[in-house]
Structures are given as structure tokens and as C-alpha cells.
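Subject: Structure for your review

Dear colleague,

Please find below the structure that I am handing over to you. I would be grateful if you could look through it alongside the notes that follow.

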Amino acid sequence: MDHNGDNPGALDALLTEERVFRPLSRVVSNATVAAEDLARITESAKADPLAYWEEAAEELCWFRKWEQVLDDSNPPFYKWFTGAKCNIVYNALDRHIETANKNKLAVIWEGEPGDTRKLTYYELFREVNKLANGLRSLGIGKGDRVVVYMPPLPETIITLLAVAKIGAVHSSVFAGFSAKALRDRISDASAKLVVTVDGFYRNGRAVNLKSTVDEALVAEPTGCVESVIVVHRANVEAEMNDSRDIWYADLVRRESPEAVTEVMDSEDMLFLLYTSGATGKPKGVVHSHGGYMVGVHRTLNWVFDLKPTDIFWCTADVGWITGHSYVVYGPLLAGTTTVLYEGHPLYPQADRLWSIVDRYGVNILYSVPTLIRMLMRFGTQYLKHHDLSTLRLLGSVGEPINPEAWVWFHKHVGRTECPLMDTWWQTETGMFMISPMPVSLLKPGSVNKALPGIEVDVWDEQGNPVPPGKGGLLVVTKPWPSMVRTLYNDPERYKETYWSKFPGVYLAGDVARKDEDGYIWIQGRADDVLVIAGHRIGTAEVESAFVSHKAVAEAAVIGIPDKIRGEVAKAFVILNDGFDPDAGLSRELTEHVRRELGPVAVVKSIEYRETLPRTRSGKIMRRILKAEEFGEEKGDTSTLEDLDR
Ligand code: PRX
């Protein structure tokens with residue numbers, strides 16, 4: 001069981017991990033980047049990263065070439081391909097219309113009820129242009145922020161592309177987020193426009209989304225939103241406010257299928273994506289046109305070894321960074337066919353994924369450990385009824401994958417023939433940073449090594465590299481093209497969060513270790529951020545949702561391990577006078593938090609306390625709660641106010 005492959009031998013001596021999987025010679029000989037080339041390219045990229053990224057940039061079209069590959073004169077505000085003019089949509093769409101890709105499928109979409117839509121590059125191009133014209137007719141232009149609050153639909157892709165085409169900035173908000181989360185993001189971005197749907201299908205139900213937008217806008221303090229575009233999807237009741245709301249179909253009906261693509265500076269903002277940080281306020285991660293397209297294009301092409309006939313399916317929601325980079329932009333930049341599914345992955349039963357792979361002949365399946373663990377529970381009964389032989393490569397992202405789930409995915413879904421790419425990256429990195437390539441030797445549970453052009457390390461608190469086997473802080477020591485440029489409206493927080501601990505070095509916020517072979521193993525977050533089912537959520541956000549309930553005086557939240565979701569929240573709560581802790585209240589609080597933050601915030605248990613451990617300055621010490629929970633040493637308690645108070 002330890003080794004698979006048809007070329008065993010040579011490298012065994014190097015390996016200390018018990019289970020190592022080597023690629024089949026068939027995979028190796030077909031790989032775009034051969035093993036010996038990878039070693040050579042990695043070495044030369046280490047010596048001259050800018051030459052490496054410049055060469056990657058040459059693969060795309062620019063309206064004007066750059067004067068400088070990297071401007072690092074004002075760190076950490078790095079600029080890439082300065083002086084260049086481009087538009088990511090020109091590369092993801094317009095240029096394909098002049099090639100054999102014109103009539104190739106760009107998008108295969110399947111709705112949860114089973115309805116499907118397929119769009120060629122040409123059809124997608126026309127739809128994007130119509131909407132681009134529609135947006136312009138609403139007065140949206142360069143630099144304006146557009147919040148996209150939509151489930152995975154063809155219109156979601158069309159919207160992102162149309163917004164970027166006219167030089168506006170999209171800011172997606174996952175459709176599972178609550179009205180409050182939506183409102184906060186709309187306000188922070190001062191969005192002029194929201195694009196949404198009447199409703200969508202999830203787990204056999206039509207979920208009303210327009211009403212959530214209405215709720216968010218009623219109390220939106222800045223009053224910035226001038227228009228709301230509503231896609232008609234699920235036939236649910238949508239109250240239309242005549243002075244603000246317009247149906248998508250009415251907007252585009254008479255628009256021309258031709259539209260001018262805005263010429264952007266390489267550094268112009270492409271999108272904003274809010275993600276959770278260590279404080280309650282979400283961070284607006286800013287990405288720009290030039291560097292982002294270079295990074296995403298290169299990493300997808302190489303890590304997933306794209307071939308012209310591939311059908312690529314990344315199961316992430318478009319509303320997260322994975323969806324942005326590897327459902328929408330990456331596949332379209334590469335001219336490949338991207339699959340999009342609207343609904344719940346277990347609906348109507350646990351073979352939905354396999355059925356989609358089978359029916360469309362998916363070649364590459366990129367998913368998340370939580371989903372893999374959910375599917376594992378059903379054994380292999382559902383797999384057996386589907387032909388998965390088209391699969392060539394698998395991928396995983398978002399949270400550490402436990403070796404058991406890795407091996408199951410590799411063996412039962414990938415027939416032990418498909419290399420499994422466990423990709424480490426973040427909203428802030430924009431693209432894969434640490435990942436194997438198809439020719440790599442794989443260790444289940446390890447994200448392998450940094451990709452060419454990327455320099456990462458594992459450091460102790462003082463900034464010294466830790467020896468093999470020891471945990472430390474994951475850092476990126478050189479800038480990369482698709483890096484976060486700043487936090488929207490908050491450059492100080494950008495500096496403080498990522499660049500202050502080790503000046504000039506990016507602090508990822510993860511704990512990791514390297515093994516003797518230099519393979520990296522991600523252990524989890526180092527800060528007060530939970531990763532629940534691959535979704536980031538700050539403990540402070542969950543705490544503030546708790547205290548917004550009338551029964552709660554104070555709350556502290558920690559992450560505890562969960563078999564399926566990887567991690568879930570546990571809350572320690574101090575109640576206000578007059579409230580009694582009981583099962584009914586716990587249910588109510590759990591529901592309340594879910595309503596406030598959306599279903600991402602899974603609270604597994606609530607423990608009622610009279611006091612919480614705090615520092616003398618009053619800060620709650622979650623570290624102590626964690627140590628108590630797991631029966632570990634409490635470590636340094638010198639700042640602790642009084643444990644037995
Ligand atoms: O903790 C790491 C975890 O997800 C965090 C980034 O979350 P987000 O910005 O939402 O982006 C998720 C998708 C790119 C990281 O700091 N993470 C991401 N990928 C992995 C991972 N943990 C372990 N293994 C991974 N492959």
C-alpha cells in the first residue's frame with residue numbers, strides 16, 4: 001500500500017514519511033513541466049525570480065508592456081509590471097474569440113434541480129458585453145465598487161467579467177452570508193451597485209436571496225447603493241423597489257453584444273474580497289489586474305497541467321477566492337472549460353459529484369477536505385455506479401487534509417492513478433503558493449514545497465528558520481505577482497497584520513513544519529482565526545455575534561477539532577442576570593449566531609461560565625481556554641489577571 005507507481009526505486013532513500021506516492025510514468029511523460037525541468041526552473045527562479053515572473057507574463061496579452069517587473073521602492077506596497085496596460089478580461093475572454101477557442105465550451109453549468117446551461121467562449125463574450133453595456137448605462141465605470149451576492153450561476157461569472165471589463169471593481173459576498181455581513185461589506189466598499197438573484201436552489205429548497213439584500217440595505221448606514229440588479233433564477237417572491245431595483249433580463253435585453261474593454265493600469269484594482277482576520281472587522285483584500293492574472297494563469301497551467309481538451313471542475317463557490325482564481329479567472333485565462341454547480345453536493349443523494357464527473361467527462365477535480373470527508377462516510381457504494389475514468393488529476397484546498405481522507409480520495413476517486421495536488425494559499429496570496437506538481441512525489445497530508453518563483457520558510461518567533469520537524473510560523477520571504485496590494489481603506493492594518501512581525505517578510509498567519517525532505521505540513525492558524533469547513537471566520541466575529549444576543553454578557557470562542565469540518569467553534573459564555581443556561585438557550589444562541597453570520601459559523605457547543613480568564617488589561621485569553629479544553633499546559637500565565645477569581 002505504501003508505494004504506487006510503475007517506476008519505483010531511486011528516490012526511496014530520501015524519504016522519511018511512511019507513505020509516499022510517486023506519479024505513474026504515464027503522468028510524468030505527459031506533464032507540461034517535466035521533473036528535470038521543474039528542478040532546473042525552481043533553481044533558476046530562486047536565483048532570479050523577476051526573470052521567472054517576467055517570462056510568465058509574456059504568455060499573456062498586454063496593451064502596453066511594463067517598464068519594471070517589480071517596483072519595491074515602497075515596501076510593503078509592492079507594485080508589479082509597472083507602466084503596463086492590460087485588462088484581465090481581454091486575456092480571459094476577448095483574445096479567445098480570435099482563436100480556435102471561439103466555439104469551445106467556456107462554462108458548463110448545472111443547476112441543483114438538474115437544469116443545465118453551456119456557454120461557448122463566443123456566447124460568454126456576447127453575454128459579458130451586453131451586461132458591460134448595461135452596467136455602463138447605469139452609470140457604473142472605472143473604479144466603482146460592485147457587490148456581487150450570488151450563488152454559482154452563469155450570470156455570476158458573467159457579472160464578474162462584465163464588471164472587470166469596464167474597469168469597475170467587484171466585491172463578492174458568499175451567498176451563505178447573512179444580511180449583516182452583507183451590509184458591513186457593502187458599507188466598507190461604498191458599493192454603488194449590488195448584483196443578486198431572486199433566489200436559488202440549495203438542498204431541495206428555493207432560498208430567497210433578494211429579501212436578504214433588502215434587509216441589508218434598509219439599515220445600510222452610508223446609503224451608497226444606487227441600483228440593485230436581480231437575476232431571475234428561482235421564481236421566488238422578490239419585492240422590486242422601482243427606484244432602485246432592475247431585473248437583469250430587462251437591463252441587458254436591448255444592449256449590444258459588443259463592448260469596449262477598458263484599458264487598465266497593471267496596478268489598477270480588479271477586485272476586493274473580504275476575509276476574516278483576528279479582529280471583528282473583515283479585511284477587504286485588494287487584488288489588481290496585471291500581477292493577479294500572471295500568477296493565476298501560471299499556477300493553474302502548471303499545477304493542474306492543463307491540456308486543450310480538459311474539463312476542469314473546482315467545486316468551490318465563486319464567492320470565495322478559490323472560486324475567483326480557479327473557477328472563473330484561471331480556467332478562462334487558460335482557455336479551458338470550467339464546470340459550475342449551483343447546489344448542495346449531496347443533493348439529491350451522495351453521488352451528485354460522481355454523476356457530474358461522469359456526465360461531463362471531468363478530467364480535473366479540485367475540492368475541499370470537508371467535502372471529501374463527508375463523502376467518505378458513504379463508503380464507495382455511490383462511486384461504483386459512475387464512470388470516473390476521465391479523471392486525470394485531483395486537488396485539495398482550504399484546510400489541512402488528514403492523510404486518511406487524502407488516501408481515500410486518491411484511491412477510490414483517483415484509482416491510485418491521479419496525482420493529488422494539495423494546494424496551500426490564501427485570499428491574500430491570490431494564487432497557489434505551496435503545492436506539488438503532477439511529477440512530484442506526494443506525501444499524504446503535506447502541501448509539498450513552494451512553487452517556482454515563490455520563497456517560503458518556517459520561522460520561530462525571533463525570525464530564525466526552525467529545524468526540520470519543529471513547528472513555526474509560515475512566512476513568504478519574497479513578493480509575488482498576485483499578492484494582496486493593501487487592505488481596502490486600511491493600509492495601516494495591511495502593514496500591521498502581514499508585515500510588522502518580520503519587516504519585509506509576509507506573515508501568513510499559519511503554523512507549519514518542514515520535514516527532513518523540505519516538505520511542508522500545515523498545522524493550522526497561528527492567530528484568532530478559525531477555518532471551519534475550509535471557510536475562514538474570526539473568533540472575534542463569532543464572539544460579537546454572541547454578545548449581540550440579549551442573554552449574553554460576554555463570550556470567548558475557540559476552535560475545536562471536528563471529524564468532518566476540520567474545525568468548529570466552541571463558545572464560553574457569561575450570561576446576563578435573569579437568564580438561565582439550559583439546552584433551549586443554547587439552541588437559541590447557536591441559531592442566533594448562524595443568523596448573524598450565516599451558516600459558515602458552526603458552533604458545536606456552548607459552555608456557561610461565571611468568569612473568563614483575562615489579562616490584567618482585560619483581554620480575554622483564549623489561549624488559556626484552549627489549554628483547559630485540551631488538557632494542555634497553560635504556558636506563560638504571568639499576564640493572567642487571576643485564574644481563580
Ligand atoms: O490556514 C490556511 C488554510 O486556509 C487559510 C486561507 O483561507 P482563505 O483565505 O479563505 O483561502 C482559502 C483557499 C485558498 C490558510 O491560511 N489553508 C488553505 N489551503 C490549505 C490550508 N490549510 C492546509 N492545507 C491547505 N492546502
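In this predicted model, an oxygen atom of the ligand lies 2.8 Å from an N or O atom in the side chain of Arg-536. The side chain of Asp-510 likewise has an N or O atom 2.8 Å from an oxygen atom of the ligand. On its own the ligand has 540 Å² of accessible area, and the protein covers 96% of it.

Arg-525 deserves a separate paragraph. This residue is found in strand S24. Its side chain makes a polar contact of 3.3 Å with the side chain of Asp-510, the residue whose side chain also has an N or O atom 2.8 Å from a ligand oxygen. A further polar contact, at 2.6 Å, joins the side chains of Arg-525 and Asp-527. Leaving aside residues up to four places away in sequence, Arg-525 touches Gln-426, Ala-508, Gly-509, Asp-510, Val-511, Val-531 and Arg-536.

I turn next to the domains. The protein is divided into domain 1, covering 137–262, and domain 2, covering 529–630. Their C-alpha centres are 32 Å apart. Seven residues of domain 1 are in contact with seven residues of domain 2.

The largest nonpolar core comprises 206 residues, and Phe-304 and Phe-546 are the ones with the most contacts inside it. This core lies between domain 1 and domain 2, because both of them give residues to it. As for Phe-304, the residues that it touches, not counting those up to four places away in sequence, are Thr-299, Phe-312, Ile-364, Tyr-366, Arg-392, Leu-393, Leu-394, Gly-395, Met-421 and Phe-432.

With kind regards

Notes
Residues numbered from 1 in each chain as written. Predicted model: local features only at pLDDT ≥ 70, side-chain atom pairs only at ≥ 80, totals over all residues. Heavy atoms only, no water. Core = buried A, V, L, I, M, F, W, Y, C linked by side-chain atoms within 4.5 Å. Buried < 20%, exposed > 50% of the residue type's maximum accessible area, 1.4 Å probe, protein only. Domains from an automatic or database assignment. Contact = heavy atoms within 4.5 Å. Polar contact = N/O pair within 3.5 Å; in protein donor to acceptor, adjacent residues only side chain to side chain. Areas by Shrake-Rupley, 256 points an atom, 1.4 Å probe, with all protein chains shown as cover. Helix = DSSP H or I, 4+ residues; strand = E, 2+ residues; numbered from the N terminus.
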